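Hello,

Here is the structure you asked for.

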Amino acid sequence: MNPIDKNLFNTMQHCGLIAILRGVQPHEVVAIGHALYDAGFRIIEVPLNSPEPLASIRALRDALPADCLVGAGTVLTPEACADVAVAGGQIIVMPHSDPQVIRTARAAGMACAPGVATLTEAYAALAAGANMLKLFPAEALPPHVLKAWRAVITPPMALVPVGGIVPEAIATYAAAGASGFGLGSALYRPGDTAPDVARQAAAFMQAWRGAYGGASSAASSISALHPAP
């Protein structure tokens, strides 16, 4: 198990909530990152269609403790992986499952979470070396679909719904086999302050602990890592 894979494994067992800071700006990102970290979040993603995303990734990586993974979302090309790595990013999150992007991310020493919407895409992503599967958009993959996927994609592979997730949805997805959640506008919208994000993060953490029985219970029941091929 390489260092980033081990880090991802430990991070997801602590808390499977992934913060998506779409639209965040570098001058505000550190305060928001600290609010998330203090709430218990340990993975923060800055989508590449945000203002100066690489500057925000670097600022987060420099400011937050080592047990918090920082990465990029909306990564569309292999070339973007190199830029994220230089900025200090540790995880590549994609809306799609291009195997070339997955392999490039893994070769650069980063974890990778491709977006998948069918089992065919899911198995192709696993073959390319994906660390976890982003079920996207979650609105099109409701809990009963995730439960069916779990019959053939068993732990330790993480299934992470992303898109439209609110605190009230977590318990139902958790019962169906979700390993974590990517949280977007219900957690952060452009213009939200660090106190705003802290309040929203607390609501998600309460829902997470209610669904998974707290960090220790979650750690015993959720494994996030698919070993690199």
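A salt bridge here means a side-chain nitrogen of Lys or Arg within 4 Å of a carboxyl oxygen of Asp or Glu. Please keep in mind that this is a predicted model.

Salt bridges

Searching the whole structure gives four salt bridges. Three of them are described here.

Asp67 and Arg42 form one of them, with 3.4 Å from N to O. Asp67 sits in the loop between α3 (53–63) and β3 (69–73), while Arg42 sits in the loop between α2 (26–39) and β2 (43–47), so the pair ties together parts that are 25 residues apart in sequence. Are the two partners buried or exposed? Asp67 is partly exposed, at 37% relative accessible area. Arg42 has a relative accessibility of 11% and counts as buried, because buried means under 20%.

Asp62 pairs with Arg58, and their closest N and O atoms are 3.0 Å apart. Both residues belong to helix α3, four residues apart, which means that about one helical turn separates them. Asp62 counts as exposed at 57% relative accessibility, and Arg58 as partly exposed at 32%.

Arg199 and Asp196 make another salt bridge, where the closest N and O atoms lie 2.4 Å apart. This pair is within helix α9 (residues 194–212), with a spacing of three residues, or about one turn of the helix. Arg199 has a relative accessibility of 54% and counts as exposed.

Cavity

There is one cavity of 30 Å³ or more in the structure. The largest cavity holds about 70 Å³ of space. Which strands supply at least two residues each to its lining? They are β1 (17–20), β2, β4 (91–93) and β7 (132–135). Among the lining residues are Ile18, Ile20, Ile43, Glu45, Ile91, Val93, Met132 and Lys134; Ala113, Val160, Val162 and Gly182 also line the cavity. By type, the lining of the largest cavity has nine nonpolar residues, one polar and two charged.

Pocket

The largest pocket contains about 260 Å³ of space. Its lining is made up of 16 residues, and those nearest the centre are Ile20, Arg22, Leu183, Gly184 and Ser185. Eight residues of the pocket lining are nonpolar, five are polar and three are charged. Ile20 is listed in the lining of the largest cavity and also in that of the largest pocket.

Regards

How values were computed. Residues are numbered from 1 along each chain as its sequence is written. This is a predicted model: local features need pLDDT of at least 70, side-chain atom pairs count only at pLDDT 80 or more; totals for chains, interfaces and linings use all residues. Side-chain values use heavy atoms; hydrogens and water are left out. On a 1 Å grid over the protein atoms alone, a cavity is a set of points where a 1.4 Å probe fits but cannot get out, and a pocket is an open set with protein on both sides within 12 Å along at least five of seven lines; lining residues have an atom within 4 Å of a point. Grid points are joined across faces, edges and corners, and a volume is the space filled by probe spheres set on the points. Ala, Val, Leu, Ile, Met, Phe, Trp, Tyr, Cys and Pro count as nonpolar, Asp, Glu, Lys and Arg as charged, and the others, Gly among them, as polar. Buried means under 20% relative accessible area, exposed over 50%, partly exposed in between (1.4 Å probe, protein chains only).
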